[in-house]
Amino acid sequence: MNASNTLTLWRGATLATMDEALAAPYGLLADGALLVQGDRLHWVGSERDLPTALADARRQGLGVQAEQALRGALVTPGLIDAHTHLVYGGDRAAEFERRLQGVSYEQIAREGGGIRSTVAATRAASDEQLFAGAAARAGALMHEGVTTVEIKSGYGLAAEHEARCLAVARRLGRELPLAVRTTSLALHALPPEYAGRSDDYVDAAIGWLQQQHAAGLVDAVDAFCETIGFTPAQVRRLFDAARALGLPLKLHAEQLSDQGGAALAAGYGALSCDHLEHLSLHGIEAMRDAGSVALLLPGAFYFLRDTRLPPVDALREAGVPIALATDHNPGSSPCGSLLLMLNMGCTLFRLTPEEALRGVTVHAARALGLADRGALRAGHRADFAVWDAAHPAELAYRFGHNPCRRAVFAGVERST
Ligand code: DI6
Ligand code: FE
């Protein structure tokens, strides 16, 4: 028997499969077991069905080579952080102090600080410095059972530096256990070289995107549609170019004001619309019709001391899938914990603990266009986390507490 026809059996688990095909909340299977073959889940089910599953496997020439007894521990799909800006230089602690003295985030941005101060620090950092900083941040996420992370560019804002940031994200995916999806976000802020020439900047960014795509650096395209970001007309031009390249789209929409960004993005079949505090009913309907995910970011809401809540009830009523992410970035969400976002998704946005967990598993996978993860289901990637918890609601309930005990990335257990 060679490695490809051996199975690893994980048994005695409480499985929160998050499989929408199972009727139970959380797709829960008490007394559950998993068979892992290579980087895939071969079978997921109840212990009572295990003998049949093993007999079927034997008929296919597969045999169990190793067994892990979980003694009732909770197992969930590996968590997915579907919106981060992990690659950047410097920090914004001084800006945090100014905001606490009453200066607004928008005011600081208009004075040339905010995102642009991180751009200066990012351009000044070496590739190694950028990699080390991002690897440490990714490590904190992995430690909480995160197995897939999306990473945006957006702090280079020049051809060379945007490509450098995307290359660092790709390197993280090669050198760390976790899977990385990259997103090009050149339309994050207007760099000083283009002051007063934002349309020229959009033209330049479209050219970079074509180069980044040719170099295999980009999995998706995003923009910041906002009064302090880019106009809907500029976002459309970028999206037309991205669509011509066959790249999926997402948008920072309706974070600080209603620009109609969500409806615009939905019109392009966007994977997700993100933030959404100022989302209108029209935007919700457009997202529902397009199947776009509402990716809510409670860390930024909290850290900017926002008071306007995203329209969670209306999204739920419309049946728009809701996801949660850290939005890790140095300005509006310097947050190293996706578990904390589960708690904040419940306390601040009134999600249920089950909705919150769906938001970092099945719905997060959908926000990245990944059909092979987010649930414990045969055929999916064998990404899962083992928790010191009796029930999945505990993951959202505690905060400042990490019950993750083990993490398996594409079938391989790695210490995080
Ligand atoms: N919205 C945000 O909250 C982050 N980016 C964005 O478009 C903030 C980025 C930063 O302040 O550095
Ligand atoms: Fe963001």
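This is a predicted model: local features need pLDDT of at least 70, side-chain atom pairs count only at pLDDT 80 or more; totals for chains, interfaces and linings use all residues.
Five cavities of 30 Å³ or more were found in a search of the whole structure. The largest cavity holds about 100 Å³ of space. Its lining is formed by His85, Tyr105, Ile115, Tyr155, His188, Phe224, His252, Gln255, His275, Asp327, Asn329 and Ser332. Classified by residue type, this lining comprises seven polar, four nonpolar and one charged residues.

Ser184, Ala186, Leu187, Ala205, Trp208, Leu209, Gln212, Val221, Asp222 and Leu238 form the lining of the second largest cavity. Two or more of these residues are contributed by each of β8 (179-187), α7 (198-214) and β9 (220-223), and the largest share, four residues, belongs to α7. In the lining of the second largest cavity, seven residues are nonpolar, two are polar and one is charged.

Parallel pairing links strands β10, β11 and β12. Strand β10 (residues 250-253) pairs with strand β11 (residues 272-275) over four bridges, and Ala253 has His275 of β11 as its bridge partner. His275 is also among the residues lining the largest cavity. Together with helix α9 (residues 261-267), β10 and β11 form a right-handed β-α-β unit.

On pairing with strand β12 (residues 293-296), β11 makes three bridges, again in the parallel sense. Here Cys273 is bridged to Ala294 in β12.

Methods: Residues are numbered from 1 along each chain as its sequence is written. Chains are lettered from A and ligands numbered from 1 in the order in which they are written. Side-chain values use heavy atoms; hydrogens and water are left out. On a 1 Å grid over the protein atoms alone, a cavity is a set of points where a 1.4 Å probe fits but cannot get out, and a pocket is an open set with protein on both sides within 12 Å along at least five of seven lines; lining residues have an atom within 4 Å of a point. Grid points are joined across faces, edges and corners, and a volume is the space filled by probe spheres set on the points. Ala, Val, Leu, Ile, Met, Phe, Trp, Tyr, Cys and Pro count as nonpolar, Asp, Glu, Lys and Arg as charged, and the others, Gly among them, as polar. Two strands pair if DSSP finds at least two bridges between them. A crossover is right-handed if, with the strands pointing away from the viewer, the path from the first strand over the helix to the second runs clockwise.
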